[in-house]
Amino acid sequence: MKLIMLGAPGSGKGTQAQRIAKDYKIANISTGDIFRDNIKRETPIGQKAKSYIDRGELVPDEVTCAIVTDRLSQEDCKGGYLLDGFPRNLRQAQKLEAFSAPDAVLYLETEDSILLERIGGRRVCRKCMGSFHISSIGDTTVCPVCGGELYRRDDDNPATLSARLDVYHRESAPLAGYYRERGILHTIKGNATQDEVYAAIKRVLDKLQ
Ligand code: AP5
Ligand code: MG
């Protein structure tokens, strides 16, 4: 299966992608995680991406598309892939279509009003990249899944979130229409519990398999 997760910042893409990848044994590719790893290692890609991510803007297409096509060429993507956070604009979608057309797009539809609270309380694991919320894990700094260190992302602040949301509505949300026209869009209500969202995703994926 070749899958895309589409949705606003905080809609639950990363949370659901980890469950899907584990249960369906599919390569999970998060462009945001790839950039954050490059920033941590201070690579040329990381140095270039950091200023865009800090401002909540998209990293330029030529950088992002090269990373994704390179990653999709690797052995573990031969049987399919799950892209979390790519494509985010029409140019990226067209590039992907030409390189490796997706089978289905899982669109997590949410209202903006719930996102600030989700992003504001998010903690991310440096080791397994798991995404958690202080409402369920409290103020611990230890990952409940792998024991790694939890941290708060630099772009998880109200000002940068506001910029990320603007970019999302302007550039990424129109992709729902693009994929609807192609008949591969599956809309899932994101304002439900994590288990309810996952159950809805499973219903879609089990039909596709
Ligand atoms: P990226 O890392 O992809 O960030 P994002 O799109 O802003 O999305 P998030 O990771 O913030 O949210 P999510 O949907 O994964 O939510 P999560 O599951 O964690 O990208 C970061 C930056 O990198 C971009 O701004 C851009 O600069 C750059 N970039 C990345 N891709 C790019 C591209 N293709 N082109 C150019 N630039 C690119 O959940 C959030 C919180 O909510 C957590 O606390 C979680 O526990 C909680 N939660 C999840 N589901 C539920 C639920 N159902 N109910 C209640 N709480 C929930
Ligand atoms: Mg994410």
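**Note on the predicted model**

1. Glu-42 sits in the loop that runs between α2 (31-40) and α3 (44-55). In this model, which is predicted, the phi of Glu-42 is near 55 degrees, a positive value in a residue other than glycine. Glu-42 is also exposed, with a relative accessible area of 60%.

2. Lys-25 belongs to the loop between α1 and β2 (27-30), and at 73% relative accessibility Lys-25 counts as exposed. As background, most residues other than glycine have a negative phi, and most peptide bonds are trans.

3. The peptide bond leading from Phe-86 to Pro-87 is cis, with omega near -5 degrees.

4. Turning to the fold as a whole, the protein chain contains ten helices and eight strands. Its C-alpha trace spans about 45 × 40 × 35 Å along the principal axes. The radius of gyration of the protein chain is 16 Å, which agrees with the value near 17 Å that a compact globule of 209 residues would have. Of the contacts between residues at least 6 apart in sequence, 71% join residues at least 24 apart.

5. Buried residues account for 49% of the 209 residues in the protein chain. The accessible surface comes to about 10500 Å², and 50% of this surface belongs to carbon and sulfur atoms. As for charge, the mean positions of the 31 positive and 29 negative charges lie 2 Å apart.

6. Which residues does Tyr-24 touch, leaving aside those up to four places away in sequence? The partners are Met-1, Tyr-198, Lys-202, Leu-205, Asp-206 and Gln-209. Tyr-24 is found in helix α1 (residues 13-24), and Tyr-24 is buried, with a relative accessible area of 12%. Although Tyr-24 and Met-1 are 23 residues apart in sequence, their C-alpha atoms are 9.1 Å apart in space.

7. The structure holds 13 salt bridges; side chains of opposite charge can pair when their charged atoms come close. One of these salt bridges joins the side chains of Asp-37 and Arg-41, at 3.0 Å from N to O, and here Asp-37 is partly exposed, with a relative accessible area of 26%.

8. Arg-71 and Asp-76 form a further salt bridge, in which the closest N and O atoms are 2.7 Å apart. Arg-71 is buried, with a relative accessible area of 18%, whereas Asp-76, at 43% relative accessibility, counts as partly exposed.

9. In the salt bridge between Arg-164 and Asp-155, the closest N and O atoms are 3.8 Å apart, a value to be read against the 4 Å cut-off for a salt bridge. Through salt bridges that share partners, Arg-122, Arg-153, Asp-155, Asp-156 and Arg-164 are joined into one network.

Methods: Residues are numbered from 1 along each chain as its sequence is written. Chains are lettered from A and ligands numbered from 1 in the order in which they are written. This is a predicted model: local features need pLDDT of at least 70, side-chain atom pairs count only at pLDDT 80 or more; totals for chains, interfaces and linings use all residues. Side-chain values use heavy atoms; hydrogens and water are left out. Helices (H or I, at least four residues) and strands (E, at least two) are DSSP runs, numbered from the N terminus. The radius of gyration is taken over C-alpha atoms; the globule rule is 2.2 Å times the number of residues to the power 0.38. Buried means under 20% relative accessible area, exposed over 50%, partly exposed in between (1.4 Å probe, protein chains only). Contact means heavy atoms within 4.5 Å. Accessible areas come from the Shrake-Rupley method with a 1.4 Å probe; for residues, only the protein chains shown count as cover. Lys and Arg count as positive and Asp and Glu as negative; His and the chain ends are not counted. The place of a charge is taken as NZ of Lys, CZ of Arg, CG of Asp or CD of Glu.
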